[in-house]
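Dear colleague,

Please find below the structure that I am handing over to you. The notes that follow set out what was found in it.

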Amino acid sequence: METHDEMWFCERLQQFLRERHPQRSIHTGAIDRRSRLAAESYAAGMMCSDNPTQALRDADRILFRGLLFSPYDVVHLILETDFPAIPENKRRDVALRLLPVCRPVFLIYNLGDDFAEKQEFKELKADLRTCICFWIDENGVPGYQSGAREPKAEPHVPYSRQPKYKKHKRQR
């Protein structure tokens with residue numbers, strides 16, 4: 001039977017944060033604290049019962065509490081579905097740049113671990129699509145041409161630097 005220690009929970013949480021909350025993966029104090037509490041819960045559950053599955057579920061609740069809903073995932077999903085022309089290798093960077101831009105939209109909603117199951121989730125995605133569209137139209141994304149953005153016009157050349165043409169004499 002496999003037992004799980006604090007290091008195992010720590011690595012598991014770090015991997016989860018890298019994938020689903022990349023902006024939070026540097027908070028080592030919180031990671032260490034959650035890992036320690038999850039390991040303690042797992043050890044206590046194993047001492048009280050013979051059911052390792054239930055002990056692991058209880059530890060996971062502590063480890064992942066408040067992290068199951070990911071704003072990064074939602075932004076990345078919208079980029080993937082609504083803007084498939086954005087190169088796949090740039091989506092992560094664009095999603096990370098969009099998180100601060102989309103923060104005011106996320107603040108409108110009462111987000112929680114079960115938010116994706118609520119009806120408000122559709123409203124959030126619609127609001128985010130609008131926010132993301134405006135941002136992309138204003139700022140652009142390297143490798144992606146928005147339909148709303150006009151290509152940059154030729155730079156204006158001052159009259160003094162325009163090419164000189166020979167004057168032709170009019171024939172009468």
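Predicted model: local features only at pLDDT ≥ 70, side-chain atom pairs only at ≥ 80, totals over all residues.

Which residue's side chain meets that of Arg20 in a salt bridge? The partner is Asp73, with a separation of 2.2 Å from N to O; a salt bridge here is a side-chain nitrogen of Lys or Arg within 4 Å of a carboxyl oxygen of Asp or Glu.

Residues are numbered from 1 along each chain as its sequence is written, and side-chain values use heavy atoms, with hydrogens and water left out.

Overall architecture

The protein has six helices and zero strands, and its elements run α-α-α-α-α-α from the N terminus on. Helices (H or I, at least four residues) and strands (E, at least two) are DSSP runs, numbered from the N terminus. Of the 172 residues, 31% count as buried; buried means under 20% relative accessible area, exposed over 50%, and partly exposed in between, with a 1.4 Å probe and protein chains only. Among contacts between residues at least 6 apart in sequence, 65% join residues at least 24 apart, where contact means heavy atoms within 4.5 Å.

Salt bridges

The whole structure contains five salt bridges. In the pair of Arg20 and Asp73, Arg20 belongs to helix α1 (residues 6–20) and Asp73 to helix α4, so the bridge ties together parts that are 53 residues apart in sequence. Arg20 is partly exposed, with a relative accessible area of 24%, and Asp73 is partly exposed at 25%.

A second pair joins Asp82 and Arg129, whose side chains meet at 2.5 Å, N to O. Asp82 lies in helix α4 and Arg129 in helix α6, so this bridge ties together parts 47 residues apart in sequence. Asp82 counts as partly exposed at 32% relative accessibility, and Arg129 counts as partly exposed at 30%.

Arg36 and Glu40 also form a salt bridge, their closest N and O atoms being 3.8 Å apart. Both residues lie in helix α2 (residues 28–48), four residues apart, which is about one turn of the helix. Arg36 is partly exposed at 35% relative accessibility, and Glu40 is partly exposed at 44%.

The contact of α4 with α5

The axes of helix α4 (residues 71–82) and helix α5 (residues 88–108) come within 9 Å and cross at roughly 115°. Axes are lines fitted to C-alpha atoms, for helices over the stretch in contact, and angles run from 0 to 180 degrees between N-to-C directions. The residues that make the contact include Tyr72, Val75 and Leu79 of α4 and Val94, Leu98 and Phe106 of α5. By type, the contact residues divide into eleven nonpolar, one polar and three charged. In this division, Ala, Val, Leu, Ile, Met, Phe, Trp, Tyr, Cys and Pro count as nonpolar, Asp, Glu, Lys and Arg as charged, and the others, Gly among them, as polar.

Individual residues

Leaving aside neighbours within four places in sequence, Lys125 is in contact with Val74 and Ile78.

Asp60 is buried, with a relative accessible area of 18%, and Leu63 is buried at 0%. With neighbours within four places in sequence left aside, Asp60 is in contact with Phe9, Arg12 and Arg65. The C-alpha atoms of Leu63 and Ala39, 24 residues apart along the chain, are separated by 8.9 Å.

Finally, Glu6 lies in helix α1 and counts as partly exposed at 38% relative accessibility. Beyond its neighbours within four places in sequence, Glu6 is in contact with Asp32, Ser35, Arg36 and Ala39. The C-alpha atoms of Glu6 and Arg34, 28 residues apart along the chain, are separated by 9.2 Å.

With kind regards
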